[in-house]
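The following note collects points on the structure shown below.

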Amino acid sequence: MNTHLSYWELKEWLTNIDFTVVGSGIVGLNCALSLKEKYPQSNIIILEKGVLPSGASTKNAGFACFGSISELLDDLKAHSEEEIFQLAGKRWEGLQRLRRQIGDITLAYQQHGGYELFLKNDEALIENCFERINYFNELLQPIFKKEVFITSKNRFSFNNVYNNYILNRFEGQLDTGKMMKALLQKAIEKKIKILNGITVNSFSEDLNSVKVQTNHFDFSSRKLFIATNGFASQLGINDVSPARAQVLITKPIEKLQIKGTFHLDKGYYYFRNIDNRILLGGGRNLALKEETTTTFGQTSLIQDKLEALLKTAILPKTSFEIEHRWSGIMGIGSQKKPIVKTISNNVFCGVRLGGMGVAIGAQTGAELAELANA
């Protein structure tokens, strides 16, 4: 019994709930917005365990991307060619949906292109990637109608990398904070209730409703939508593992000339310009077991590697200072395709974004909402 809640709290926030969404990230907010559009009179509540959206939605690097050549080659080991094509198409359409939904100005969207860099000693990977440029351009031509990948010289004076890059001409970047602020504002304008600091511990289903048990109260909802991505296994959803991504950002750098998004070592490292700073993340491959965690934090092993990359490769002739460090929790699995499915009569999930939440989060949320009438 919710003895610590007042009559007013129960009546206005926790009574006659049609749809409950767990997680206020990109997927959860888009799910709630899609439900409200389809069912305008519905009473919708979003439960978020963090003060701000936890996980990866407010922690990511703001890459508007769909995969570098080395990542796509790696994906071919576990996916068919047709699946790779479908994944790229879904990611690209998801990005366009996000841009239409929020607008490029609000997103601070910029399309400087995405560059894949290669360490000089990684000759086998270099040869394989450059040999497959035409293959992937032909594969993706029906989606983009133009060549996606071209070669580019090392015009940013990076050090200890191969002199040629592979440029993805369609890749862009955005401001993650502005994106999430805009989505939250849209939800508030639609009178969708968002409760922060609420952890869903468990749920049980009756014939026509779901009883939700949280760390603060219990209540019933007609339908429950789980959009917790990297934390999905905590609610019993299989084939989703957490993957921590560590990030750092420099203080502003005078006359910074680097513009674009950059991938290194099969996408395990990534960096970009933002507000005259360099944002750099990655290094999970140095300790895959340890980074399979839902605990936020940094390790000296990975942070030292990130700083070394800044000094030896990215900013070899530029002095810099690190201003801030953080981490996010992604959801990954044996496949890159998101899991959007019905769990039981009135419970559904949209999880496992595979590190591509910016690209496919909006679309995944809309697809999750469609399950309401399945």
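1. Strand S5 (residues 149–153) pairs with S6 in the antiparallel sense over 5 bridges. Pairing here requires that DSSP find at least two bridges between the two strands; helices (H or I, at least four residues) and strands (E, at least two) are DSSP runs, numbered from the N terminus. Within this pairing, Phe149 stands opposite Asn168 in S6. Strand S4 (residues 114–117) is likewise joined to S6, by 3 bridges, and the two run antiparallel. Here Tyr115 has Leu167 of S6 as its bridge partner.

2. A word on the basis of these points. This is a predicted model, in which local features need pLDDT of at least 70 and side-chain atom pairs count only at pLDDT 80 or more, whereas totals for chains, interfaces and linings use all residues. Residues are numbered from 1 along each chain as its sequence is written, and side-chain values use heavy atoms, with hydrogens and water left out.

3. Strand S6 (residues 164–168) is largely enclosed by the rest of the structure, because 5 of its 5 residues are buried. Buried means under 20% relative accessible area, exposed over 50%, and partly exposed in between (1.4 Å probe, protein chains only). Asn164, Ile166 and Asn168 point one way from S6, while Tyr165 and Leu167 point the other way. Asn164 is buried with a relative accessible area of 19%. Leaving aside neighbours within four places in sequence, Asn164 is in contact (heavy atoms within 4.5 Å) with Phe118, Phe130, Ser152 and Lys153.

4. Aromatic pairs number 24 in a search of the whole structure. Rings of Phe, Tyr and Trp (its six-membered ring) pair if their centres lie within 6.5 Å; planes under 30 degrees apart count as stacked, over 60 as edge-to-face and the rest as tilted. The pair of Phe63 and Tyr270 is edge-to-face, because the ring centres are 5.9 Å apart and the planes stand at 80 degrees. This pair links distant parts of the chain, with Phe63 in strand S3 (residues 63–64) and Tyr270 in strand S14 (residues 269–274), 207 residues apart. Both Phe63 and Tyr270 are buried.

5. Tyr135 and Phe136 also form an edge-to-face pair, since their ring centres are 4.9 Å apart and their planes are at 70 degrees. Tyr135 counts as partly exposed at 24% relative accessibility, whereas Phe136 counts as buried at 0%. The charged end of Arg132 sits over the ring of Tyr135, 4.5 Å from its centre. The criterion is that NZ of Lys or CZ of Arg be within 6 Å of the ring centre and within 35 degrees of the ring normal. Lys49 lies over the face of Phe231, at 3.5 Å from the ring centre.

6. Ring pairs also link Tyr115, Phe156, Phe158, Tyr165, Phe262 and Phe271 into a cluster.

7. Helix H9 (residues 300–314) has 15 residues and reaches 20 Å from its first C-alpha to its last, close to the 21 Å expected at 1.5 Å a residue. The expected span is 1.5 Å times one less than the number of residues. The buried residues of H9 are Ile302, Gln303, Leu306, Glu307, Leu309, Leu310, Ala313 and Ile314. What covers them includes strand S12 (241–250), strand S13 (261–264), S14, strand S15 (277–282) and strand S16 (322–332).

8. The largest nonpolar core has 68 residues, of which Leu35, Phe149, Met179 and Phe225 touch the most other members. Helix H2 (residues 26–38) gives the most to this core, with 7 residues. A nonpolar core is a set of buried Ala, Val, Leu, Ile, Met, Phe, Trp, Tyr and Cys residues joined through side-chain atoms within 4.5 Å. Not counting residues up to four places away in sequence, Met179 touches Ile26, Ser57, Asn60, Leu98, Ile102, Leu107, Leu174 and Val358. A second, separate core of 24 residues includes Leu117, Tyr165, Phe271 and Ile302.

9. Two backbone angles deserve a check. Most residues other than glycine have a negative phi. Lys191, which is not a glycine, has a positive phi of about 65 degrees. Lys191 is found in the loop between helix H8 (176–189) and strand S8 (193–196), and is exposed, with a relative accessible area of 67%. Asp265 has a positive phi near 60 degrees. Asp265 is found in the loop between S13 and S14 and counts as partly exposed at 24% relative accessibility.
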